[in-house]
Amino acid sequence: MGQLLRPRGLKGVMWFSIFNEVNSSLKGGKCIWIRLNNGEYLSLFIESIGVAGKKYWIKLTNYDSRNDVLKLCGLNFSIS
């Protein structure tokens with residue numbers, strides 16, 4: 001469904017791109033599955049999501065700093 005791109009600021013927010021059209025399934029409280037480099041999946045919950053111009057950002061629960069999200073940069077995700 002999309003790819004996590006890079007950190008946005010210092011508080012664990014990330015820019016992301018969407019492969020499909022944006023739909024209402026991407027919202028706070030929903031679970032996303034992130035495909036790790038070793039082929040395994042990590043399930044995380046969306047804390048908040050938003051739009052800044054033509055770009056999209058996402059904040060994941062319990063990821064509260066730039067360092068927390070750096071390891072997720074470039075990974076693909078899907079919605080459950």
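Student: In this predicted model, is Phe-16 buried or exposed?

Tutor: The relative accessible area of Phe-16 is 3%. Buried means under 20%, so Phe-16 counts as buried.

Student: Is Tyr-56 buried, partly exposed or exposed?

Tutor: Tyr-56 has a relative accessibility of 26%.

Student: How many aromatic pairs does the structure hold, and which kind of pair do Phe-16 and Tyr-56 form?

Tutor: The structure holds two aromatic pairs. In the pair of Phe-16 and Tyr-56, the ring centres are 5.8 Å apart and the planes are at 40°. Planes under 30 degrees apart count as stacked and over 60 as edge-to-face, so this pair is tilted.

Student: Which kind of pair do the rings of Phe-16 and Phe-77 form?

Tutor: The centres of these two rings are 5.7 Å apart. Their planes are at 75°, and an angle over 60 degrees counts as edge-to-face. The pair of Phe-16 and Phe-77 is therefore edge-to-face.

Student: How many residues apart are Phe-16 and Phe-77?

Tutor: Phe-16 lies in strand S2, and Phe-77 lies in strand S6 (residues 76-79). The pair thus links distant parts of the chain, with its members 61 residues apart.

Note on methods: Residues are numbered from 1 along each chain as its sequence is written. This is a predicted model: local features need pLDDT of at least 70, side-chain atom pairs count only at pLDDT 80 or more; totals for chains, interfaces and linings use all residues. Side-chain values use heavy atoms; hydrogens and water are left out. Rings of Phe, Tyr and Trp (its six-membered ring) pair if their centres lie within 6.5 Å; planes under 30 degrees apart count as stacked, over 60 as edge-to-face and the rest as tilted. Buried means under 20% relative accessible area, exposed over 50%, partly exposed in between (1.4 Å probe, protein chains only). Helices (H or I, at least four residues) and strands (E, at least two) are DSSP runs, numbered from the N terminus.
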